[in-house]
Amino acid sequence: MKSILTQIISENKKVEQAEKAAALAEINAPSTKDSRRNFLRKTAVGGMALGGFMAMSQEDTIAQATSKVNRASKPSELKITDLRYCIVQNVGRTPIIRIDTNQGIYGLGEVRDGADERYALFLKSHLLGQNPCNVEMLFKSIKQFGYHGRQAGGVCGVEMALWDLCGKAYGVPCWQLLGGRYRDKVRLYADTPEFEDLSEFKQKIKFRTVDQGYTWLKMDVSIGMLRNKENSVVNNKVWGGGFSQWAGDYNSYANTKHPFTAIQITPKGLDEMAKVVEDVRNAVGYEIPLSTDHYGHFDLNNGIRLGKALDKYRLAWLEDMVPWEYTDQWKTISDALETPTLTGEDIFLKEGFKDLIMKRAVDIIHPDLASSGGLLETKRIGDFAEDHGIAMAMHFAGTPVSFMANVHCAAATQNFLALEHHSVDVPWWESLVKTTDGRKLIDKGYAPVPLEAPGLGIELVDEEVKKHLNTKDKSYFAPTPDWNEKRSHDRLWS
């Protein structure tokens, strides 16, 4: 019996020596971030220092390994202790959240661009004391507090941060937790540069495609370009003569849905819009997919007329021609046109996509991960679309935090086409973060997938983020004790 025990001890010692050597190598590696380094030190035989462990006898090793074990170093005993935020002045305003734990590791997430940080803060009381690695369970407990559009931002931001934490705790990238990856780099699409002079525009396109390396572009084809063109639009003056889709009171053109404006595009207006698309297509060429968006608020009949006028330019898609919830109208538009149709950036959860997909009302779905439910829910949406022969592009406008959440999801979803990069011309955008494995954030129109870096694979560069905080709220991950207490019974059934 004693000889068998001695043999077991000897074999275990060899295994432990090898594990400690591997851990020591990772601790000493320059690419290892501090949070991971501290985590490894804590987990070394229940919190015992590496040097002491290596010098111990077999018996002392067993004694130390079975007493005074630092249980708090186990991923299974991670606990959420805080949720804090800062607001970056990017695409209007974009809140970044940080979820802290009892083990010193944290997760980063992002409330969707243009949304309120309080969408995330009021979820804090549902998260405190919970293990962040139970991502799906926590998501199911908070998803009732999300809704379509920006109202989903809090739920999705929390879900991102939980996956970041889980990946860090177990030492694997988020894409691995989603089931593995289909690609090592994620294709991006970028806006075409604005232009007045066509020759100057051609130079800008050359810079975008050759120098920057983007292989997929998108342009706006709005009735706004008809602002100074007489007899191009019917019934615009009653709306004040403006074409802004983004600002106005409840009864404004901006907030009136497409079927209810009675705006029409005249043949002259269609010719003007088609000419702009023709100029861009000729400058870009036909090898590069060219998508279109932001047409204005007019009904499906005018949408079909515009689509038919543009069919010959072989566009990659026509985006959000009517609000996403009008499934039957989308089906009518899609059936009438050769050009692929697309919608989805404001839809929350897979349930919101089901009708569009099952009725094949659109040709491509376009979730924004910061509204659709986060990484896992968006992958499920993509998988459901794939089952029905529909591809998935991904909408994105925010900071590199949400960007990397999208990259991991895109890497793990087979029917993915391209991910939007909305801030390609913002010079400081990439400087907000550093990658934890030394890779480039963006390389020639693609986002390299972090093959080994745990979690999302980024850390904030504090001094850079602080340069770009919202002017009305300069706080930087300050404590948020006002959101600690849960005050309501939120079960949806009796």
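Because the model is predicted, local features need pLDDT of at least 70 and side-chain atom pairs count only at pLDDT 80 or more, while totals for chains, interfaces and linings use all residues. Residues are numbered from 1 along each chain as its sequence is written, and side-chain values use heavy atoms, with hydrogens and water left out.

To start with the overall picture, the protein has 18 helices and 16 strands. Here helices (H or I, at least four residues) and strands (E, at least two) are DSSP runs, numbered from the N terminus. Of the 494 residues, 54% are buried. The labels work like this: buried means under 20% relative accessible area, exposed over 50%, and partly exposed in between (1.4 Å probe, protein chains only).

Next come the salt bridges, each of them a side-chain nitrogen of Lys or Arg within 4 Å of a carboxyl oxygen of Asp or Glu. The count comes to 31. One of them joins arginine 84 and aspartate 82, whose closest N and O atoms are 2.7 Å apart; both of these residues are buried. Another pairs aspartate 184 with arginine 181, with a closest N and O distance of 2.6 Å. In that pair, aspartate 184 is partly exposed at 45% relative accessible area, and arginine 181 is partly exposed too, at 34%. Aspartate 328 and lysine 359 also form a salt bridge, with their closest N and O atoms 3.7 Å apart. Aspartate 328 sits in helix H13 (residues 327–336) and lysine 359 in the loop between helix H14 (349–358) and strand E11 (364–365), so this pair ties together parts that are 31 residues apart in sequence. Aspartate 328 counts as exposed, at 54% relative accessibility, while lysine 359 is partly exposed at 41%. Elsewhere, salt bridges that share partners join Arg112, Asp113, Arg150, Glu345, Asp346 and Asp368 into one network.

Helix H14 deserves a look of its own. Its buried residues are Leu349, Gly352, Phe353, Leu356 and Ile357. Seen down the helix axis, they fall within an arc of 130°, so they line one face of H14. That arc is taken from the directions from the helix axis to the C-beta atoms. The buried residues of H14 pack against helix H7 (135–142), H13, strand E10 (341–343), E11, helix H15 (369–372) and helix H16 (375–387). Just after H14, arginine 360 takes a positive phi of about 45°.

What lines the largest cavity? Val135, Glu136, Phe139, Glu159, Leu376, Glu377 and Arg380 do, and the elements giving two or more residues to this lining are H7 and H16. A cavity is a set of points, on a 1 Å grid over the protein atoms alone, where a 1.4 Å probe fits but cannot get out; lining residues have an atom within 4 Å of a point.

Glycine 153 lies in helix H8 (residues 153–170) and is buried, with a relative accessible area of 0%. Setting aside residues up to four places away in sequence, glycine 153 touches Glu110, Val111, Arg112 and Ala370. Its C-alpha atom is 7.5 Å from that of glutamate 110, 43 residues apart along the chain. Arginine 208, in helix H10 (residues 198–211), is buried as well, at 3% relative accessible area. Beyond its neighbours within four places in sequence, the contacts of arginine 208 include Ala190, Asp191, Tyr214 and Val424. Tryptophan 428 lies in the loop between strand E13 (416–420) and strand E14 (433–435). Not counting residues up to four places away, tryptophan 428 touches Val88, Gln89, Asn90 and His468.

Note on methods: Contact means heavy atoms within 4.5 Å. On a 1 Å grid over the protein atoms alone, a cavity is a set of points where a 1.4 Å probe fits but cannot get out, and a pocket is an open set with protein on both sides within 12 Å along at least five of seven lines; lining residues have an atom within 4 Å of a point.
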